[in-house]
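I opened my notebook to record what I looked up in this structure. My entries follow the order in which I looked.

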Amino acid sequence: CGNLGDLCPAWWPERISLTHLCDALEVLAESYEFKEIPGRCLAFRRASSVLKSLPWAVRCLRDTEGLPCLGEHSKAVMEEILQSGHSFEVEKTLSDEKYQTLKLFTSVFGVGPKTAEKWYRGGLRSFSDVLAAPGIHLNRMQQSGFLHYGDISRAVSKAEARALGNLIDEAVRAVTPDAVLALTGGFRRYRGKEFGHDVDFIVTTREPGKEEKLLTGIIERLKQQGLLLYCEYNASTFDMVKLPSHQFEAMDHFAKCFLIVRLEGGRVEGGLHGAEGDGRGWRAVRVDLVSPPMDRYAFALLGWTGSRQFERDLRRFARAERRMLLDNHTLYDKTKFLAATTEKDIFAHLGLEYIEPWQRNA
Ligand code: TTP
Ligand code: MN
Ligand code: MN
Ligand code: MN
């Protein structure tokens with residue numbers, strides 16, 4: 001308890017780590033996500049995110065005094081864990097058949113809470129149930145999700161992300177020498193040994209209006225090389241003059257694609273993470289590419305670097321503290337567009353010190 005720490009008995013069997021508390025809150029967040037109660041889900045996500053960044057240990061509830069975003073429910077769960085090592089509600093959730101089944105189903109690429117719920121209601125409990133069920137139509141994304149389930153549910157290592165970067169870079173330069181390619185998403189935030197679930201890139205060109213062509217060109221090239229295992233392409237619906245949306249969860253309007261790419265093992269020093277031994281020499285990896293026009297590059301980079309919670313908080317800050325509207329496309333002060341060529345420009349417009357990507361893991 002800060003300087004009261006001595007009051008915690010020395011024989012206390014195990015220190016409750018912050019990760020343990022965060023994991024517990026995340027379980028509850030996820031279960032409310034499945035129940036489609038977004039308010040409660042967000043409350044637990046926020047609480048977990050605040051704890052995650054704490055530079056001190058939490059031994060009792062008093063250690064969290066004065067912290068924002070910790071609601072009564074979150075505090076009660078934490079209190080129980082700090083005192084007894086477990087939370088009744090978390091344990092109950094973890095052993096709940098519906099929670100377990102929805103967690104399993106939504107782990108498939110292309111299966112969201114709605115589909116998972118529908119399958120559960122239809123009495124399905126396992127992948128083999130789903131695959132054997134008559135009258136179940138899997139869309140193309142879900143078919144690929146099942147086909148490559150083993151590979152794409154396995155974490156992507158830094159070496160693999162780097163190898164993919166080279167592969168995409170090669171494709172980009174084959175299409176046009178005048179392109180800008182940047183790593184974004186989780187791999188841009190990570191400093192240490194972290195793993196990601198996919199690799200995200202932002203790609204654009206200085207030639208105005210050519211960014212969509214660039215993206216389709218990259219896809220075409222990967223296809224010709226036989227490296228494209230799945231591709232969902234979303235054409236741009238970006239409207240230059242539209243004001244930013246107030247609603248965070250809306251996807252952005254840039255041209256983008258969600259891919260499954262074949263990554264050859266030989267390209268990665270030290271072999272492929274977790275794929276050794278099956279003798280295939282390649283693995284499937286999820287890759288996202290987004291392609292904004294050059295003058296929106298900084299906004300897209302900031303938006304796609306995440307984390308989701310960081311983006312939510314930054315937008316809320318812009319709105320509540322600065323009366324500005326920020327999203328993946330733009331920043332507005334009332335009706336005035338605030339141009340930016342770098343992320344630093346955006347932070348400066350918001351009157352904030354620059355926040356490094358590794359500090360955005362909220
Ligand atoms: P993700 O790749 O889903 O998440 P992540 O890279 O932070 O973590 P993980 O290791 O699990 O992949 O999304 C990256 C960021 O892009 C995230 O902050 C949300 C944002 N994003 C958009 O803004 N619009 C979109 O359409 C999508 C798909 C993501
Ligand atoms: Mn990602
Ligand atoms: Mn993700
Ligand atoms: Mn992604």
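Predicted model: local features only at pLDDT ≥ 70, side-chain atom pairs only at ≥ 80, totals over all residues.

**Entry 1: the ligand.** I counted 16 residues around ligand 1. The closest are Gly 185, Gly 186, Gly 196, His 197 and Gly 306. What kinds of residue make up the shell around ligand 1? I found two nonpolar, eight polar and six charged residues.

Next I asked which helices supply residues to the shell. Helix 13 (297-305) and helix 14 (308-322) each give at least two. Then I looked at the domains. Domain 3 (158-295) and domain 4 (302-359) both contribute residues to the shell, so ligand 1 lies between them.

**Entry 2: a cis bond.** The peptide bond from Gly 306 to Ser 307 is cis. Its omega is near -5°. I noted this because most peptide bonds are trans. Where is Ser 307 found? I located Ser 307 in the loop between helix 13 and helix 14.

I then checked how strand 1 meets strand 2 (residues 199-205). The two run antiparallel, and six bridges join them. Thr 184 stands opposite Asp 200 in strand 2.

**Entry 3: positive phi.** I looked at phi next, because most residues other than glycine have a negative value. Glu 36 is not a glycine, yet its phi is positive, about 55°. I placed Glu 36 in the loop between helix 1 (18-34) and helix 2 (38-52). Is Glu 36 buried or exposed? Glu 36 has 10 C-beta neighbours inside 10 Å, so it counts as exposed.

Cys 69 also has a positive phi, near 65°. Cys 69 is found in the loop between helix 2 and helix 3 (72-84). I noted 16 other C-beta atoms within 10 Å of Cys 69, so I wrote it down as partly exposed.

Conventions
Residues numbered from 1 in each chain as written. Chains lettered and ligands numbered in written order. Pairing = 2+ DSSP bridges. Helix = DSSP H or I, 4+ residues; strand = E, 2+ residues; numbered from the N terminus. Near = placed C-beta within 6 Å. Nonpolar A, V, L, I, M, F, W, Y, C, P; charged D, E, K, R; others polar. Domains from an automatic or database assignment. Buried ≥ 20, exposed ≤ 12 C-beta atoms within 10 Å, placed from the backbone.
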